[in-house]
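Here's a quick briefing to read with the structure open beside you. Have a look first, then work through the notes below.

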Amino acid sequence: MIVPFGHVFLLAGLIFSFGLICLVAHRNLIMTLVGVEVMMNGAAIAFVGAALRWHLMEGQAFMLFILAVAAAEVSVGLAIVVNVYRRTGSIDPDRYDILKG
Amino acid sequence: MTVYSVIFYILAIVILVSTLLAITRRQPIHAVLYLIVAFLGTAALFFLLGAPLLAAFVVILYAGAIMVLVLFVIMMFQQSLRETGLMPQWGHAALLGVVFLAVTVAVVFKDPGSAMVLKGAAVQPKDFGRFLFDRYWLAVEIVSILLLVALVAILQIAKRRGAAGDEGEKREKEVHP
C-alpha cells in the first residue's frame, strides 16, 4: 500500500552512510557531531520502518530512546568541544598535540 | 503507485538531498540549517509510517531543541574557526561509506521479506504511551537517569573550565602586575 519494506531500509542505509562519511572526513569537531546525528537519524528511520513492517510498537519505543540518547550525546559532546576550544583555541582535532614531546 | 508511495519517494528525495548538502558544507552553520530541513522531512516520514507522536517529538526535540543548541554553540566560536576543510583521508572515508552502503543494499535485497509492501497503520499517542509505560517503564527510568547523568557531566565540565580560566587569569596577573 505504501512502499516495499526494502526501500525504507535502503533510505536508512543511505542516510547512515552519509553520516559515516561526514563523521570521518571532516576536520571540525562540530561536523563530527553532526555526522553522529545523521547516523542516529538513519537508525531511527530503520526502527520506525521495522515497527510498521511487523506491526510491533517496540520499534517506535526504541526511536524514543534513540532521541533521548542523541540529546544526551550532543549536549555532552558540545560541552566537551567548547571546553577544548577554550583550552587550545582550535576545534581541529589534528591540532590537539599538547602531549607531544 | 498510490498517493502514499508518491509522498514517500518525495520525502526520501528531500531527506537525502538535504543530508547530502549538510555533510558537504564547509561552514558548520550551513550544515546545521540543512540538517533541520532533513529532520523536518524525517518527521513527515514518521507521520507517513504511522508514528504521529514520534513525528511531533522529532520536530520539537531534534529540529527544535538539539539543532538550536548546536547553532548557539557554533555562534560562540570565532569567525575564523567556523570554517575548516576536510581531513586528508576523506577519500578513505568515502570508500568506507560506499562499502558499507553496498553491503547494506546486498543484505536488504537478499532478504525475500524486503519486497513485502508495507500496509498503512497508525499508532495513537494514547496507545503508545500506555504501551511504553506498561512494558518498558524500566527503560524509561534508565533513560531519565541517563539525561540526569548528562546534566551532571555538563555542569562538571563547565565548572572545570571556569577553574582553568581563573588560573589563566592569575597567571596573566603574575606576568603583568
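How many residues does the contact take from chain A and from chain B? In this predicted model, chain A puts in 61 residues and chain B puts in 73 residues. Here's how that side of chain A is made up, along with some notes on the folds.

**Chain A overall**

- Chain A is built from three helices, with zero strands.
- Walk along the sequence and you get the pattern α-α-α.
- Chain A has a radius of gyration of 17 Å, well over the 13 Å that the globule rule gives for 101 residues, so it is more spread out than a compact globule.
- Along the principal axes, the C-alpha atoms of chain A fill a box of roughly 60 × 25 × 20 Å.
- As for burial, 53% of the 101 residues of chain A count as buried.
- Take the contacts in chain A between residues at least 6 apart in sequence: 48% of them join residues at least 24 apart.

**Helix 2 against helix 3 in chain A**

- Helix 2 (residues 29–54) and helix 3 (residues 58–88) of chain A pack at an angle of about 175°, and their axes sit 9 Å apart.
- That angle makes helix 2 of chain A roughly antiparallel to helix 3 of chain A.
- On the helix 2 side of chain A, the contact residues include A:Leu29, A:Ile30, A:Leu33, A:Met40 and A:Phe47.
- Helix 3 of chain A answers with residues including A:Phe62, A:Met63, A:Ile66, A:Leu78 and A:Val81.
- Sort the residues of this helix 2–helix 3 contact in chain A by class and you get 18 nonpolar, three polar and three charged.
- Among the charged ones, A:Glu37 comes from helix 2 of chain A, while A:Glu58 and A:Glu73 come from helix 3 of chain A.

**The side of chain A that touches chain B**

- The contact between the chains takes 61 residues from chain A and 73 from chain B.
- Helix 1 (5–25), helix 2 and helix 3 of chain A are the elements that each give two or more residues to the side touching chain B.
- Helix 3 of chain A supplies the largest share of that side, with 22 residues.
- By class, the side of chain A that touches chain B has 42 nonpolar, 13 polar and six charged residues.

**A look at chain B**

- Helix 2 (residues 28–48) of chain B has 21 residues and reaches 30 Å from its first C-alpha to its last, close to the 30 Å expected at 1.5 Å a residue.
- Just after helix 2 of chain B, B:Gly50 takes a positive phi of about 85°.

Methods: Residues are numbered from 1 along each chain as its sequence is written. Chains are lettered from A and ligands numbered from 1 in the order in which they are written. This is a predicted model: local features need pLDDT of at least 70, side-chain atom pairs count only at pLDDT 80 or more; totals for chains, interfaces and linings use all residues. Helices (H or I, at least four residues) and strands (E, at least two) are DSSP runs, numbered from the N terminus. The radius of gyration is taken over C-alpha atoms; the globule rule is 2.2 Å times the number of residues to the power 0.38. A residue is buried if 20 or more other C-beta atoms lie within 10 Å of its own, exposed if 12 or fewer, and partly exposed in between; C-beta atoms are placed from the backbone. Two residues are in contact if their C-beta atoms, placed from the backbone, lie within 7 Å. The expected span of a helix is 1.5 Å times one less than its number of residues. Axes are lines fitted to C-alpha atoms, for helices over the stretch in contact, and angles run from 0 to 180 degrees between N-to-C directions. Angles under 35 degrees count as roughly parallel, over 145 as roughly antiparallel, 65 to 115 as roughly perpendicular and the rest as oblique.
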